[in-house]
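This report describes how one protein chain is folded and packed. The sequence and the structure come first, and the description follows.

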Amino acid sequence: MHDAFVELHGELLHGFALLVTLGDRTLAGMLTAESLASGAERIEQLLPPERAEAWLRASLTGAARRPACHAAPLTVLLT
């Protein structure tokens, strides 16, 4: 079920992460992986898929705001 969750949400979430990080592929990949891992732990709570999409975007934006997730200073669209 984990693989299906990642397959269903991964590509769109990564695209969203690229927008949030202003194209920083490395950071977008890290944020996407972190959010997908957290979401996969809560699969039963995140049904239907629309709920999962909203939760994943919120998780990703929350992680992007944490200064510790940035190796270098980064301005994100959400500040």
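## Overall fold

The model is predicted. The secondary structure of the chain consists of three helices and zero strands, and along the sequence this gives the pattern α-α-α. Helix 1 covers residues 2–20, helix 2 covers 25–40 and helix 3 covers 49–65. Of the 79 residues in the chain, 34% are buried. Among contacts with a separation of 6 or more, 60% are between residues 24 or more positions apart.

## The nonpolar core

The largest nonpolar core has 16 residues, and the members that touch the most others are Phe5, Leu13, Leu31, Leu36, Leu56 and Leu60. At least two residues of this core come from each of helix 1, helix 2 and helix 3.

Leu36 is found in helix 2. With a relative accessible area of 8%, Leu36 is buried because that value is under the 20% limit. Outside the four places on either side in sequence, Leu36 touches Phe5, Val6, His9, Gly10, Leu13 and Leu56. Leu36 and Leu56 are 20 residues apart in sequence, and their C-alpha atoms are 7.0 Å apart in space.

Leu60 has contacts of its own beyond four places in sequence: Leu13, Phe16, Ala17, Val20, Leu31, Thr32 and Ser35. Thr32 counts as buried, at 5% relative accessibility. Leaving out residues up to four places away, Thr32 touches Gly10, Leu13, His14, Ala17 and Leu60.

## Helix contacts

| Helix pair | Angle | Axis separation |
|---|---|---|
| Helix 1 and helix 3 | about 40° | 10 Å |
| Helix 2 and helix 3 | about 130° | 9 Å |

How are helix 1 and helix 3 oriented, oblique or parallel to each other? Angles under 35 degrees count as roughly parallel, and the angle for helix 1 and helix 3 is about 40°. Helix 1 and helix 3 are therefore oblique to each other. Their crossing is right-handed. On the helix 1 side, the contact is made by Phe5, Leu8, His9, Leu13, Phe16, Ala17 and Val20, which meet Pro49, Ala52, Glu53, Leu56, Arg57, Leu60, Thr61 and Ala64 of helix 3. By class, the residues of this contact are eleven nonpolar, two polar and two charged.

For the second pair, the angle between helix 2 and helix 3 is about 130°. That angle makes helix 2 oblique to helix 3. The crossing of helix 2 and helix 3 is right-handed. Helix 2 contributes Leu31, Thr32, Glu34, Ser35, Leu36, Ser38 and Gly39 to the contact, and helix 3 contributes Trp55, Leu56, Ser59, Leu60, Ala63 and Ala64. The contact of helix 2 with helix 3 divides into seven nonpolar, five polar and one charged residues.

Thr61, a residue of helix 3, is part of the contact with helix 1. Is Thr61 buried or exposed? At 13% relative accessibility, Thr61 counts as buried. Thr61 and Phe16 are 45 residues apart along the chain, and their C-alpha atoms are separated by 9.5 Å.

## Loop residues

Two loop residues have backbone features to note. Leu22 lies in the loop between helix 1 and helix 2. Leu22 is not a glycine, yet its phi is positive, at about 55°. With a relative accessibility of 51%, Leu22 counts as exposed, because the limit for that class is over 50%.

Pro48 lies in the loop between helix 2 and helix 3. Which form does the peptide bond from Leu47 to Pro48 take, cis or trans? The bond from Leu47 to Pro48 is cis, with omega near 5°.

Methods. Residues are numbered from 1 along each chain as its sequence is written. This is a predicted model: local features need pLDDT of at least 70, side-chain atom pairs count only at pLDDT 80 or more; totals for chains, interfaces and linings use all residues. Side-chain values use heavy atoms; hydrogens and water are left out. A nonpolar core is a set of buried Ala, Val, Leu, Ile, Met, Phe, Trp, Tyr and Cys residues joined through side-chain atoms within 4.5 Å. Buried means under 20% relative accessible area, exposed over 50%, partly exposed in between (1.4 Å probe, protein chains only). Helices (H or I, at least four residues) and strands (E, at least two) are DSSP runs, numbered from the N terminus. Contact means heavy atoms within 4.5 Å. Axes are lines fitted to C-alpha atoms, for helices over the stretch in contact, and angles run from 0 to 180 degrees between N-to-C directions. Angles under 35 degrees count as roughly parallel, over 145 as roughly antiparallel, 65 to 115 as roughly perpendicular and the rest as oblique. A crossing is left-handed if the near helix is turned anticlockwise from the far one by less than a right angle, and right-handed if clockwise. Ala, Val, Leu, Ile, Met, Phe, Trp, Tyr, Cys and Pro count as nonpolar, Asp, Glu, Lys and Arg as charged, and the others, Gly among them, as polar.
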